Amino acid sequence: MKFFVDTANLDQIREAEGLGVLDGVTTNPSLMAKEGIEGENAILQHYKDICSIVSGDVSAEVLSTTYQEMIQEGTMLSALHPQIVVKVPCTKDGIRAIKYFTEQGIRTNCTLVFSIGQALLAAKAGATYVSPFVGRLDDISSDGVELVASIVEMYRYYGYETQVLAASIRSVQHIVECMKVGADVVTSPLSSILGLLKHPLTDSGLAQFEQAAKKMMK
Ligand code: E4P
């Protein structure tokens with residue numbers, strides 16, 4: 001399973017990359033705005049900066065919503081760096097744009113996916129990744145992990161190569177559950193990735209070993 005970090009914060013991306021287990025980065029307009037990035041030049045430069053920190057895929061989301069504009073914007077984003085994956089919303093225009101990008105050899109991440117039907121269209125259009133939003137479904141009393149599981153099963157049944165990228169991750173438990181149902185990628189905040197390391201028995205075991213080490217080295 002691949003790990004992406006879900007942030008546009010350069011310090012957090014550096015810290016995640018420093019762990020040595022990072023496979024990529026996902027961003028979205030909200031995460032970019034949170035970093036105070038304003039204007040086209042600043043946006044493009046920020047994506048370049050992210051690509052210079054990590055060696056894996058970097059999802060850059062189109063801000064436009066119509067087919068022609070998405071084509072223009074996505075083509076420009078993908079030309080920025082070979083690591084860029086163009087992130088496109090799962091709408092009618094978005095699916096058409098993904099199909100166009102697939103034909104041009106441009107990699108895509110179909111985002112804002114909340115149903116198996118949307119995931120089917122994304123795969124048929126040739127998306128590289130599909131992003132079901134786990135946390136946002138849980139927020140409305142739906143089961144986000146169950147959707148991830150259904151998409152994984154459906155893609156395996158039909159042999160689609162689109163990778164299932166579990167997004168909108170809110171907890172360590174989300175990561176573990178998505179792993180159990182076979183997600184190809186999980187993108188999560190750095191805090192949840194680091195949370196995987198936490199176990200009280202690791203802490204108490206380490207404290208015991210440290211005491212023993214001090215005794216031996218006296
Ligand atoms: C990543 O690709 C998504 O845009 C992101 O995970 C959404 O997360 P949120 O639901 O916490 O905004």
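Q: Which residues line the largest cavity?
A: First, a caution: this is a predicted model. In that model, the largest cavity is lined by Phe3, Ala16, Leu19, Val21, Leu22 and Ile193.

Q: And how does that lining divide by class?
A: The lining of the largest cavity has 6 nonpolar residues, with no polar and no charged ones.

Q: What volume does the largest cavity have?
A: Its volume is about 30 Å³. The count of cavities of 30 Å³ or more comes to 1.

Q: Turning to pockets, what is the volume of the largest one?
A: The largest pocket has a volume of about 350 Å³. It is lined by 22 residues, and those closest to its centre are Asp6, Thr7, Asn28, Leu31 and Pro189.

Q: Which element supplies the largest share of that lining?
A: The largest share comes from α2, with 3 residues. Both α2 (29-34) and β5 (108-113) supply at least two residues each to the lining of the largest pocket.

Q: How many nonpolar, polar and charged residues are there in the pocket lining?
A: The lining of the largest pocket divides into 11 polar, 6 charged and 5 nonpolar residues.

Q: Now the rings. How many aromatic pairs are there?
A: The count comes to 6 aromatic pairs. One of them joins Phe4 and Tyr129 in an edge-to-face arrangement, with 5.7 Å centre to centre and 75° between the planes.

Q: Is Phe4 buried or exposed?
A: Phe4 is buried, because its relative accessible area is 1% and the limit for burial is under 20%. Tyr129 likewise counts as buried, at 1% relative accessibility.

Q: What is the geometry of the pair between Tyr158 and Tyr160?
A: The pair of Tyr158 and Tyr160 is tilted, with 6.1 Å centre to centre and 45° between the planes. Tyr158 is exposed, with a relative accessible area of 54%, while Tyr160 counts as partly exposed at 25%.

Q: Which residues form the aromatic cluster there?
A: Tyr155, Tyr157, Tyr158 and Tyr160 form one aromatic cluster.

Q: What sits over the ring of Tyr67?
A: The charged end of Arg96 does, 3.9 Å from the centre of the Tyr67 ring.

Q: A change of topic: where is Glu61, and is this residue buried or exposed?
A: Glu61 is in strand β3 (residues 57-61). Glu61 counts as buried because its relative accessibility is 9%.

Q: What is Glu61 in contact with, beyond its neighbours within four places in sequence?
A: Glu61 is in contact with Thr27, Asn28, Pro29, Tyr47, Glu73, Leu77, Lys87 and Thr111. Asn28 is also among the residues closest to the centre of the largest pocket.

Q: Lastly, where does Thr75 lie?
A: Thr75 lies in helix α4 (residues 67-80). At 33% relative accessibility, Thr75 counts as partly exposed.

Conventions. Residues are numbered from 1 along each chain as its sequence is written. This is a predicted model: local features need pLDDT of at least 70, side-chain atom pairs count only at pLDDT 80 or more; totals for chains, interfaces and linings use all residues. Side-chain values use heavy atoms; hydrogens and water are left out. Rings of Phe, Tyr and Trp (its six-membered ring) pair if their centres lie within 6.5 Å; planes under 30 degrees apart count as stacked, over 60 as edge-to-face and the rest as tilted. Buried means under 20% relative accessible area, exposed over 50%, partly exposed in between (1.4 Å probe, protein chains only). A charge sits over a ring if NZ of Lys or CZ of Arg is within 6 Å of the ring centre and within 35 degrees of the ring normal. On a 1 Å grid over the protein atoms alone, a cavity is a set of points where a 1.4 Å probe fits but cannot get out, and a pocket is an open set with protein on both sides within 12 Å along at least five of seven lines; lining residues have an atom within 4 Å of a point. Grid points are joined across faces, edges and corners, and a volume is the space filled by probe spheres set on the points. Helices (H or I, at least four residues) and strands (E, at least two) are DSSP runs, numbered from the N terminus. Ala, Val, Leu, Ile, Met, Phe, Trp, Tyr, Cys and Pro count as nonpolar, Asp, Glu, Lys and Arg as charged, and the others, Gly among them, as polar. Contact means heavy atoms within 4.5 Å.
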